[in-house]
Structure formats: structure tokens, C-alpha cells
Amino acid sequence: MVQQARRSPRPFLVAVVLAVVLIAGLRLLTTRGTSAGGAGGAGGAAAGRCKTAVTLAVTASSEKAQLLKQLAGDYNAEAHVVDGRCVLVQVTSKASGAAMAALAKGWNPTADGPRPDVWTPASSGWVTLLEQRTQRSDRPKLVPAGALPHIAASPLVIAMPRPMAQALGWPGKQLGWADLLDLARDQAGWGRAGHPEWGQFRLGKTNPNFSTSGLNATIGAYFAATGLASDLTSKDVASRKARAFVQGVERSVVHYGDTTLTFLSNLQRADDAGAGLSYISAVAVEEKSVWDYNQGNPTGDPATLGKHAKPKVPLVAIYPKEGTLLSDHPWVTLTAPWVDDAKRKASADLLGWLQGPKAQGRFQQFAFRDSQDRPGPLVTQDVGLLRGEPRTLLQPPAPRVLDQLLRSWANLRKRANVLLVIDTSGSMGEEVPGTGRSKLDLARQAALNSLSQFAADDQVGLWMFSTQLDGDVDHRSLVDQGPMDASRRALLRQRIEGLAAEGGTGLYDTSLAAWQFVKGHSRPDDINAVVLLTDGRNEDNGISLDNLLGQVHGEEGAASVRLFTIAYGADADLATLQRISQTTNAAAYDSSDPTSIDQVFTAVVSNF
């Protein structure tokens, strides 16, 4: 019998040690993986330190919302704890003006989205307006007393295609609103600067009731008109000189809008087609939007950076010599009843983190200036930005003056010549789940609500469409275009309330007919446009999509007609509507959730 050699215990001990190390490593990886879950979770690393979580809802302005979502994910992954509770940050995006209006009227989560604990608009001007609106309506104050903290900054600039700016003397010559007004008023247009081939000066500007750039540009124009650098008064706003100056600037606007993305996206498509100098001459935007556009990323979303080529004709930033306003991105922890002490502490912790070097570096990485208005390494002349500018910063006027300024703008803005075209096909009669109302009911109400946005001297008409309403014709005129006096408003309300759902969707024939009708009745001093709402796709045997796109086009000048579309409900053909709108240098709006139609319709009408 051969005796078996005694085994050494060393291999067994080694195996046990390796197993312990492996298990510990797997547990660590699992913990790290859970804690890095972004905005969706507070992080497993904190599981042993807290038993409950406090959720902090942050509503951010559109241009920084995607970046702030990424930063919130990093913050959540670090598993911050306040008073023994994990902090979970959730960021939603909402245009500054829309958020201000929602807060001022009481914030309805069903219509306005998730209710915020913290609001960070693009500019303190919106906070000023919120305070004025809540005071005027005798609602509780929502803004804490004292100076507000800030998380980033970006000055308003006038973005212009580089060759055009150079023709005016950029970068050596200081330029401003007065120079652009002189150019806009000159019948020779760009011939004044030696380039008659560029036609008339055309300005892109957003609606100051919705957009920060539009608000700041309007304030800046009033300051330029008066020659002041501070303390704009009610008397200044009402002066004949200021009104004439601002009205002259507005006359050069191609159309308005709720965000600058419409202009920058249309400009990118024009540049792709080799026509980067044909759409607009200038557009009022934040400085960081110039950098975004020049990277081929007009949305400013970090996730889409690098997915489109840089433009053939880049933009450069003109910092108005009369002074400009700063989008200072304030951090407002609301003093609302639903914001308890735990949320306030969570907000303070997150604010401190956002003002720290890691987050501030991230803001500068996407061409924001930091919370102290210091430019980062991306702000260089090579990308169209000037580090030494702006030389003069303007302060928003007092709340009462700012409110008066907006009301004054409503009288001075460029007028609209608009045809509303509403789908009344059978599918519009379907009930919207959870509302007890049909799609047509909700669309009717949205259209009725939008009528208040039109001034008495705007021209508005109404069509309905389905299929074969009058013989082979898919549309029917319900109200002729004409000035929005009291009788026309009453008639529009009556016709909209009487809309009924029946038939198919004659989308292409109606789109062409509406565009041709407005073109035939265009007004050279107005914004000429069609607003078309549909919940479906073309079901008619008329013209093809290619035929339609070949006939409608985005020519510039007095006869230009833009076709804005609304894709309403989940079955709407959004991709096709986008092609139609883009062909006419307009924009398509997504209302795939029918309950959002009131907000969407308001946003569409903000183009006028």
C-alpha cells in the first residue's frame, strides 16, 4: 500500500483569501454600479447611511437642462445625505417664460409638468417678472428675500454669419443695435456694406414673453434707444424716440418664436445646403449658443455634440456697444408650501456642489461662463467669441417698468398675417384617456385660448380640413382673413366651437392650398404664415409629398410664407410634418401627448 502524501494547507488558505477578496470586490462593484445610476436613484453607497430619501425637483431653463441633468446624475451618484436622508435630484426642462407664467398662476402639474422645488431660469429678469405678477394677483410670494445665488452665466449677443459681421467691421469695430437699425432701414440692404447679393437685413428674435434671449434683446433695444446704461424708467419706455427705435428693430424680424433653436436649426439646414447666408442676417442668442452652433450642435445638448459636422459658414458674436444683459442663471429655492425644510437643505447642498470647481468646470466645458461671469478656455476669437466683451453690462429695469416694457412691445412688434388650419377628420373625435374629452375638444379649447395672443391689427383666418369637404376639395374656409377686431374674434370663436369630426386626412392637398392662399394674400410688412394642426397622416389620393415639398419653399423677402405644423396625438406623422415646416423655414411642434396641446398651441402662436 502506497501511503498518500499529506497535503499542505497553504493552497486551501490561499483559495479562501482569494474568495473573500473576490466577494468583497463584487460587492464594491455592485455598490458603485448602483450609486452611479444617475438621476434615477440616490445611490447604493448611501444605503447604510440613510433609510429614506428626499426628492428635489428642479425645473431648469431649456438651454442648460440637459447639462444639468448630467450634473444631477453625477451628484446623485455621490450619494449625498442631508439630515440622514439621501438626496435624489430630478431635473426637468421648461422654457423660462413658460415656467414663470406657470408659477405666477399657481402651477398646475397636469398642464405644466412636475412641480418644482427649485427653479433656475436663464435670467433674473424672469424672477423679477414672477415677483411682479404674484404681487399684482395677490398671490403668495414664491421668491426668497435677498440676493439670489447663480450657477452659471452667458451674455446676450447678436450672432451673425462671419462674412456678414466682417463686412460691418467685426471684430475690430464695436457694433450695436443702432448699426443694425440703420442697416435694416436702408433700402439698399446689404448693398450698404458692399454686398447687395445678400438682400435685406433680416433679424431672428424670439418672443420676449417666452424666451430669455427675446426678453433681454428687447430690454437691450430700449436701453440703446434711450442711450442709458441703467435706471430705465416708465417715461423712457413710453417716449416717442424709444418706441420708434424699438419698432424699427422689430420691423426687420423674420418671425418670432418660443426658443432660439428654431432659428439655429433652420440656419444649420440652410448651411448644409450651401445657403448659410440666405436665411437670416443675425439672431439674438446667448453667447454659449454661438459656440454650440459652431460645433454643429445647435441644441446645446451634450449628448448630441460631435454628431453633426461643423457649419461651412460659422457664426460670430457681436456684443452690443450700447451694452447687453447677462443671462445669470439664478438658483431660486421656492418659498412655496410644498418646499419643506428638508428640501431647502437639499437645495443648499446641491447649490454648493454646483458652485464647486467640478461642476463649474463642466459649465465652462460647454461655453458657459462660471457663476462669477468668468469666461473659460473655450471663449476665444477663433470660435467667434471675444473674451474682453461685453464691456458694458445692463441691469434689468424695475418690475413695474419691465412689465410696462413687455406690454409696450406687444404694440410695437411686427404684425402677423396668419391662417389657422385645423384637422377635423374622424380620428379627432376619439376620446383622450383620462380627460373625458375628445382630441377635437382639447384642440378647440387650445385654439380659442390662443386668440388672445393676436393684436387687433393682426390678420387671422380659419380653415377646417379632412377629405372631400366640397367636392374634391379637402378644406373649407370658415373665416376669411382680416383684422382681429371684436366681430372677427367673435366669429372665430363661434366657428371654432362649432367644429365637428368626420372624414379622412387630406394633409398634402390642404397644406399646399393653405400655403398658396397666404402667399397670394401676403402682406410685405407682416409675418405671413400658416398654422396647421393634424392628428394623422395623409389619406388622400391627391398630390404626393415630393410634389408638395417641390412647390412650397422657404424663399426670403416680403412674400415669404412659413408653414408651422402641430403633430397632434400619437398617430400624427411628425417626421413628415417636420419636413414640410423645415422646407418653409418654419418649425414643427410635437403634441403627441394630446393633453399638452394648449401649451403647444401657445408656443406656436408665439412665432407671431
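Modeller: Let's start with tryptophan 107, which counts as buried at 5% relative accessibility; buried means under 20% relative accessible area, exposed over 50%, and partly exposed in between, using a 1.4 Å probe and protein chains only. Before going on, keep in mind that this is a predicted model, where local features need pLDDT of at least 70, side-chain atom pairs count only at pLDDT 80 or more, and totals for chains, interfaces and linings use all residues. Residues are numbered from 1 along each chain as its sequence is written, and side-chain values use heavy atoms, with hydrogens and water left out.

Most residues other than glycine have a negative phi, and most peptide bonds are trans. You'll find tryptophan 107 in the loop between α3 (96-105) and α4. As for those labels, helices (H or I, at least four residues) and strands (E, at least two) are DSSP runs, numbered from the N terminus.

Aspartate 138 also has a positive phi, about 60°, without being a glycine. This one is in the loop between α5 (124-136) and β5 (154-161), and at 71% relative accessibility aspartate 138 counts as exposed.

Then there are the cis peptide bonds. Tryptophan 170 is joined to proline 171 by one, with omega about 5°, and proline 171 is in the loop between α6 (162-167) and α7 (177-185). Another cis bond runs from glutamate 389 to proline 390, with omega near -5°; there, proline 390 belongs to the loop between α14 (357-365) and β11 (393-394).

Aspartate 117 sits in the loop between α4 (109-112) and β4 (118-120) and is buried, with a relative accessible area of 4%. Its side chain makes a polar contact of 3.2 Å with the side chain of lysine 343. A polar contact here is a pair of N or O atoms within 3.5 Å; within protein, one must be able to donate a hydrogen and the other to accept it, and residues adjacent in sequence count only if both atoms are side-chain atoms. If you skip residues up to four places away in sequence, aspartate 117 touches Thr55, Leu56, Ala57, Val332, Thr333, Leu334, Trp338, Val339 and Lys343, where contact means heavy atoms within 4.5 Å.

Aspartate 458 is in the loop between α16 (439-450) and β15 (459-470), and counts as buried at 0% relative accessibility. The side chains of aspartate 458 and arginine 413 are joined by a polar contact of 2.5 Å. The aspartate 458 side chain also reaches the backbone nitrogen of alanine 455, at 2.7 Å. Beyond its neighbours within four places in sequence, aspartate 458 is in contact with residues including Arg413, Arg415, Gly482 and Met484.

Here's a buried leucine too. Leucine 71, in helix α2 (residues 62-77), counts as buried at 1% relative accessibility. Leaving out residues up to four places away in sequence, leucine 71 touches Trp353, Leu354, Ala359, Arg362 and Phe363. Valine 91 is 20 residues from leucine 71 along the chain, and their C-alpha atoms are separated by 9.7 Å.

Finally, the helix pairs. Axes are lines fitted to C-alpha atoms, for helices over the stretch in contact, and angles run from 0 to 180 degrees between N-to-C directions. Arg444, Ala447 and Leu448 of α16 meet Arg493, Ile496 and Glu497 of α17.

In the other pair, the axes of helix α8 (residues 212-226) and helix α10 (residues 240-251) come within 9 Å and cross at roughly 130°. That makes α8 oblique to α10. On the α8 side the contact is made by Ala221, Tyr222, Ala224, Ala225 and Thr226, and on the α10 side by Lys241, Ala242, Phe245 and Val246.

Conventions:
Parallel < 35°, antiparallel > 145°, perpendicular 65-115°, else oblique.
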